[in-house]
Amino acid sequence: RTFDFAKLICAYLIVAIHCPPFLGVSSTINFYVTHVIARIAVPFFFATTAFFLFRKMKFIDGKIANNISNIRCFWRYIKRNVLLYAIWSVIYLIWQIPNWYATGWWGIHVVKDYLISFVLSGSFYHLWYMVSLFYGIVFLYVMLRFIGIKGTAIISCALYLVKALSYGYTWLNLPGLTTVTSLFDRFGGVFGGLCLAVPMMMVGVVCGQCLDWTKKLDRFRLLGLIASSILLSVEASLLQYLGLSKDKVSFIVMTLPVCFFIFINVRKISFKNERLGKCCKMIRSASTLIYCVHPLLLCLWSLLNTWSDLSSISRYIILCVSSTVFAAIVLLIEKSTRMKILKYLH
């Protein structure tokens, strides 16, 4: 239940990334809200997904058991994730085609570029998450099957360090870093799945499977969260204000520890209210719908001549409200009419 509410908060944080609420208020506040706090949302989504998915699977000696039940669970999730991505890609394609035609970007090369982006990076800018999630789940399942939790955790930390260095520390000019960065730019979904999704999802796997180990950290969970958050803020501030990696502080070194401590803190919170419990499934679905639809609504709102005249806070509130209303309408129609196709939107 707690994770469902946390995911809803994360969905609104992601909206803040694409429609910064404090852009017109203070550049400093906007930086910490948009580039530091809100950027924890995607890692948390990755961790939560893995927590619930791999908790359904049977592990033997720290490795995923090679049985029919695990394989079916894995492929069932893959199919649903691919279908979700495909449906929203079609929705956004309907929006994109008139814009491509109006700007003169038209022809067989457009189809080619779109298909490459669809497979490797994302059919629309926010859908990179689904592509990375797909590749990440595949990589992680194979690693947990043959390497096990301990080995995968160590490798994941190394992979994430590569991601952090190639993202926010290119100024170090380390050997091979330029090559790695170019590969990330070209194959964003694939390498994002390997070096971002896998490490963040391992947070969920460790918290779901290594209960004895994580319980030992429970007494330090608040201290760990405070300490890691302070270190994240310091790291982001140094990169930003020293001009070392301006506005590229989303996935830096301390993001992974912060995600871990947020996760174990959220896991310890429990709601005993039965009414809240009944709402959890709808809240879970609403968070996905809000994430998926808000860029489209942002595009539609931007068509209004008065949109740019509104304050940044007003734009953010309107986008959050309209995204939430959309999610509520979809869920209510699905519940009242039992239209099965609507469940594939979330």
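I began with Arg 76, which counts as exposed because its relative accessibility is 54% (exposed means over 50% relative accessible area, buried under 20%, and partly exposed in between, with a 1.4 Å probe and protein chains only). I note that this is a predicted model, in which local features need pLDDT of at least 70 and side-chain atom pairs count only at pLDDT 80 or more, while totals for chains, interfaces and linings use all residues. Residues are numbered from 1 along each chain as its sequence is written, and side-chain values use heavy atoms, with hydrogens and water left out.

I placed Arg 76 in helix 4, residues 68-103 (helices are DSSP runs of H or I with at least four residues, strands are runs of E with at least two, and both are numbered from the N terminus).

Next I turned to Arg 39, which I found in the loop between helix 2 (27-37) and helix 3 (41-54). A polar atom of the Arg 39 side chain lies 3.2 Å from the backbone oxygen of Thr 34. Setting aside neighbours within four places in sequence, I listed Ile 17, Thr 34, Ser 250 and Phe 251 as the residues in contact with Arg 39 (contact means heavy atoms within 4.5 Å).

In helix 3 I looked up Thr 48, which counts as buried because its relative accessibility is 2%. Again leaving out neighbours within four places in sequence, Thr 48 is in contact with Phe 3, Lys 7 and Phe 263.

For the protein chain as a whole I noted 14 helices and two strands. The radius of gyration is 20 Å, close to the 20 Å that the globule rule gives for 346 residues, so the chain is as compact as a globular protein of that length (the radius is taken over C-alpha atoms, and the rule is 2.2 Å times the number of residues to the power 0.38). Along the principal axes, the C-alpha atoms fill a box of roughly 60 × 55 × 45 Å.

I also recorded that 48% of the 346 residues count as buried, and that, among contacts with a separation of 6 or more, 78% come from residues 24 or more positions apart. The chain exposes about 17,700 Å², of which carbon and sulfur atoms supply 68% (areas by the Shrake-Rupley method with a 1.4 Å probe).

Technical notes:
A polar contact is a pair of N or O atoms within 3.5 Å; within protein, one must be able to donate a hydrogen and the other to accept it, and residues adjacent in sequence count only if both atoms are side-chain atoms.
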